[in-house]
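Thanks for coming, everyone. Please take a look at the structure on the screen, and then I'll walk you through it.

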Amino acid sequence: MTMREGADVSVDAMIEDLRTLVETESPSRDVNALEASAKTVAAFIESRLGGNAVLVESEAGPHVHWSGGGDPRVLILGHHDTVFPLGTLERRPFAVEGGHATGPGVFDMLGGLVQAVHGVASLEDRSGVEILVTADEEVGSGSSRALIEERALACGAALALEGAADGGGLKTGRKGCGTFQVSITGRASHAGLEPAAGVNALIEAAHQVLDIAALGRPEIGTTVTPTVAAAGTLDNVVPAAATVVVDVRVETADERERVEAAFAALAPHLDGAQVSVRGAVGRPPMPESASAELFAVARRLLPGLEGRAVGGGSDGNFTAALGVPTLDGLGAVGGGAHADHEYLVIGAMAERARLVAGLVDAIRRG
């Protein structure tokens, strides 16, 4: 089994399509911008694959769904929202130089979307293929999760087009991840006249941060990282409220349960303080076993391809948790996700498009 080296994949055409997508800015939670982006994505898919790309409306913005007809066999999964606010394009326009494409979203993950569509377009038979491009992956996939899970179960295999791991490797495992917000309620008082009459929410927050940080078990892949804190109003007022935001990553379902239970059990240290918690490990872990079968196929198609378990989450976590064979990191080769130096390696685009085509063929043959 080898990739079809002669497959009709044009790098120049991919670059122009990538330019079109990047120049339609699509920051998460900006529904108006995402409506425009979804229409651009749908038009791009239809122009390359024919058929009808359906806009699936949601409170987060439209998702885009395309089907090649026939019995569903493989779901190609991506997203069109990006982390960059409107106006980023003016400061950092799409550009091609020195073998790299740059611009907001080229690596995460518009380049992967372009490669996947061109890969499918190189196939004479596109039946059994579905493409789902969501509008809220960067903010947790709250409005798209049910649709992702529905189509993944219907198809029976999922290919996630997130950017490649360092060096171009595929992402064969992902940690489960989630965000918790710990809210502390105290009691205000004058910091000079009667400090003891108050309940200092900032001091309580300090206790909680230490308790929370102690929940991490990095030796088994569990990280619990306080990331944002806020407290107080004026320099002469005992703080009546504080919040702490915490990033959590876990490798196993057991650790997910332990950490969620520990957050639920957080208790105040100061008399009169109250502690409340909201949040969860919203993306379940993606174990490497979920990708083993498809990764073996990818290695036969592209010998020497490496696989790597990574800390970040994606919509592939949801499909893998359902028991659907899932392979991730099939998108752009490059780096700098979410940063100003984000880039895509142009020289890898054709190979990655052909890899997607080869995987689709292999999955459909069973």
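Start with glutamate 137. It counts as buried because its relative accessibility is 6%; buried means under 20% relative accessible area, with a 1.4 Å probe and protein chains only. This is a predicted model, where local features need pLDDT of at least 70, side-chain atom pairs count only at pLDDT 80 or more, and totals for chains, interfaces and linings use all residues. Residues are numbered from 1 along each chain as its sequence is written, and side-chain values use heavy atoms, leaving out hydrogens and water.

Where does glutamate 137 lie? In the loop between S6 and helix H5 (145-155). Helices (H or I, at least four residues) and strands (E, at least two) are DSSP runs, numbered from the N terminus. Leaving aside residues up to four places away in sequence, glutamate 137 touches His79, Asp81, Glu162, Arg283, Gly313, Ser314 and Asp315. Contact means heavy atoms within 4.5 Å.

Now the sheet. Six strands form an open, mixed sheet, in the order S1-S2-S6-S3-S7-S14. Its edge strands are S1 (54-56) and S14 (326-327), each pairing on one side only. Two strands pair if DSSP finds at least two bridges between them. Strand S3 (residues 74-79) runs parallel to strand S7 (residues 158-160), and three bridges join them. There, leucine 77 stands opposite alanine 160 in S7.

Last, the lining of the largest pocket. S11 gives the most to this lining, with four residues. That's the tour.

Key: Buried < 20%, exposed > 50% of the residue type's maximum accessible area, 1.4 Å probe, protein only.
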